[in-house]
Amino acid sequence: MDTRLWMSVTLFFATGLMLFVSFLSYQKRHLPVAKTMILIMLSAAFYSLGYGFEVLSRTLEQVKLSLQIEYLGIPFISTLWFFLALQFTGTGFRYRKVLALILFAIPMTVFILHLTNDWHHLVYERYILNTESSIPLYTTVKGPWYKVHTVYNYSVVLCGISLFIPMYWKALPMVRKQIVVLLLGAVAPFLLNTFFWYGTNVDLTPFGFAISGVAFVWGILRFNLLRLTPLALAKVFETIRDGVVLLDYDDRIVSYNSAAIEVLPELGSTKHYPVEMEKVLGNSPELLERIRAAGEGEERFPFQRFQDNRNMYYNCSVSLIYDSGRILIGRILMFNDITEIKESEARLRENARQLSELNAFKDKLFTIMAHDIRDPIALLVSLTELLDDELTAADFENAELVRELKGQVQSTFHLVDNLLDWYRSQKGKVAFRPLGWNLQQVVRQALLLAGPKAAMKQIELTEDISEKLVVRADKEMLDLILRNLLSNAIKFTGVGGKIDIRAVLEGERIIISVTDNGAGIDEETSELLRLEEPFLKAMATGNDSGDARFGLALTREFVRIHGGNLWFESESGSGTTFSFSLSGSQGVPERFDNSDMEEEAYESYFGRR
């Protein structure tokens with residue numbers, strides 16, 4: 001094959017290859033680096049295409065036309081590659097537009113001067129017919145601006161290389177491969193161009209672009225050259241909150257982020273990397289030992305050091321880095337700062353200790369209440385009852401005052417009893433032993449106990465409960481629930497009022513209701529009960545309904561222990577209905593808790609219904 005023909009075919013192939021790289025870059029055109037790559041490859045394509053036509057030219061006019069095509073790209077290739085290096089490394093980001101104007105001043109001047117070269121001959125002084133060979137057809141005598149452009153091209157290429165070299169040593173493995181691809185794409189034409197200055201008449205530079213095209217295709221398809229620039233990777237690397245230190249295969253520190261300096265300030269004292277990790281981490285022998293112990297495996301371990309008058313705590317991990325061929329190329333050491341968590345844990349432990357002491361104090365307080373307060377009040381209740389009976393029998397004129405005193409003492413005793421019952425329920429000291437009980441008999445017992453208190457206000461107590469209803473409940477808790485509900489109903493029902501207890505079976509639940517025609521529940525108590533506020537807050541008001549609220553809170557707690565619910569309906573001036581649900585059925589109870597004597601007492605007290 002004719003030499004000119006195979007050279008032109010090779011050059012046209014290089015042109016196609018560079019157009020293909022432009023197409024691949026166009027698909028990532030949203031990235032500034034991709035846009036610059038498109039311009040580089042188009043410029044190189046014009047260079048190769050024009051040189052291919054120059055090789056095939058037969059006349060001087062054809063040679064000049066081919067040079068015009070070449071110079072659509074020749075002035076700009078090196079400058080565009082240097083601009084790509086600036087973008088890739090993130091250099092001069094704030095002044096990028098100003099730099100572009102300065103950098104492209106000489107290339108634009110060369111382009112215009114070559115376009116008008118026949119008028120001034122500043123680029124090519126003259127063309128000389130090559131009588132020794134057909135390639136090239138004409139040799140040229142270079143003008144001053146050709147030499148200026150050549151020096152400028154070599155300068156910007158060397159500057160670009162100088163940007164990549166320090167970046168290479170601190171880069172991630174994937175980024176290093178991308179840098180090698182970009183350097184190869186520039187160095188291949190650069191080296192082949194030097195032959196032109198050592199006596200070779202044929203310009204081999206466009207053939208170097210064929211090598212560049214292959215390198216760029218390889219980089220784009222193999223190493224994601226245009227997917228994520230090192231600047232973006234560096235931003236991600238720097239913005240990671242955890243400290244990250246990169247180690248190579250020989251356990252030399254290659255790179256680290258700013259968060260790692262906060263963990264290991266000694267990293268900043270070393271200027272040149274990579275460096276042996278023993279030289280940097282010599283003050284942390286435990287850390288060095290754990291890294292070495294990891295070997296070729298992954299490991300997690302705690303790390304602690306005293307820094308800035310404070311103990312710092314970290315969770316450390318050593319992870320392996322593989323290349324795409326699953327070959328081990330290094331390790332990542334990460335530091336996750338857990339100091340705040342550790343300090344919070346310490347504060348929680350201290351709070352738990354203080355809370356434990358307060359609970360112990362509370363237990364002592366309730367123990368004192370159970371023995372040293374309840375017993376004297378119980379004695380006062382007995383004494384006031386005896387005194388009331390004697391004064392009433394003697395028709396003493398101040399018997400009413402003693403009766404009021406007896407009521408206050410009984411109310412206080414009832415409140416203390418409720419408080420102790422609540423304490424035992426919260427401490428889990430209340431034994432929950434549910435059995436089947438005849439509900440009518442349990443309610444009648446409660447009415448018998450509440451009868452004397454209701455009689456003082458001439459309140460009528462009634463019940464409407466089927467004798468077949470059996471409720472499954474703890475007897476002591478059920479007595480307390482009924483006692484509290486009846487006590488509250490009596491307290492807020494006026495003289496001559498009425499209180500009624502009813503029960504209905506709904507499925508497997510018995511709904512028990514206590515209805516009075518009293519004054520109703522005040523708004524504050526009603527709101528607190530609906531919000532289910534703690535009883536201590538309810539009692540803090542200090543008004544007359546405080547103990548009632550506490551009794552209702554205790555009642556709700558015991559109903560919940562049974563798996564039921566407590567609710568109420570109240571209308572000011574018309575009365576209140578408290579209802580609660582318990583498990584139950586119709587049938588034979590497991591226990592009968594009242595004797596014939598108690599039944600007769602109920603009938604004689606309330607009358608046959």
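Q: Which residue in the hairpin of β14 and β15 takes a positive phi?
A: Gly573 does, with phi near 85°. That hairpin has three residues between the strands. Strands here are DSSP runs of E with at least two residues, helices are runs of H or I with at least four, and both are numbered from the N terminus.

Q: What should I know about the model itself?
A: This is a predicted model, so to speak plainly: local features need pLDDT of at least 70, side-chain atom pairs count only at pLDDT 80 or more, and totals for chains, interfaces and linings use all residues. Residues are numbered from 1 along each chain as its sequence is written, and side-chain values use heavy atoms, with hydrogens and water left out.

Q: Back to the strands. In which sense do β14 and β15 pair?
A: Antiparallel, over six bridges. Two strands pair if DSSP finds at least two bridges between them. β14 covers residues 566-571 and β15 covers residues 575-586.

Q: What stands opposite Glu569?
A: Thr577 in β15.

Q: New topic: helices. At what angle do α2 and α4 cross?
A: Roughly 165°, and their axes come within 9 Å. Axes are lines fitted to C-alpha atoms, for helices over the stretch in contact, and angles run from 0 to 180 degrees between N-to-C directions. That makes α2 roughly antiparallel to α4. The cut-offs are under 35 degrees for roughly parallel, over 145 for roughly antiparallel, 65 to 115 for roughly perpendicular, and oblique for the rest.

Q: What kinds of residues make that contact?
A: They divide into 13 nonpolar, three polar and no charged. Nonpolar means Ala, Val, Leu, Ile, Met, Phe, Trp, Tyr, Cys or Pro; charged means Asp, Glu, Lys or Arg; the others, Gly among them, are polar.

Q: And α4 with α5, what is the angle there?
A: About 165°, with the axes 11 Å apart. So α4 is roughly antiparallel to α5.

Q: Which residues meet?
A: From α4, Thr79, Phe82, Phe83, Leu86 and Gln87. They meet Arg96, Leu99, Ala100 and Leu103 in α5. Contact means heavy atoms within 4.5 Å.

Q: Last one: how many aromatic pairs are there?
A: Eleven. Rings of Phe, Tyr and Trp (its six-membered ring) pair if their centres lie within 6.5 Å; planes under 30 degrees apart are stacked, over 60 edge-to-face, and the rest tilted. One of the pairs is Phe76 with Phe111, tilted, at 5.9 Å centre to centre and 45° between the planes. Phe76 sits in the loop between α3 and α4, and Phe111 in helix α6, 35 residues apart.
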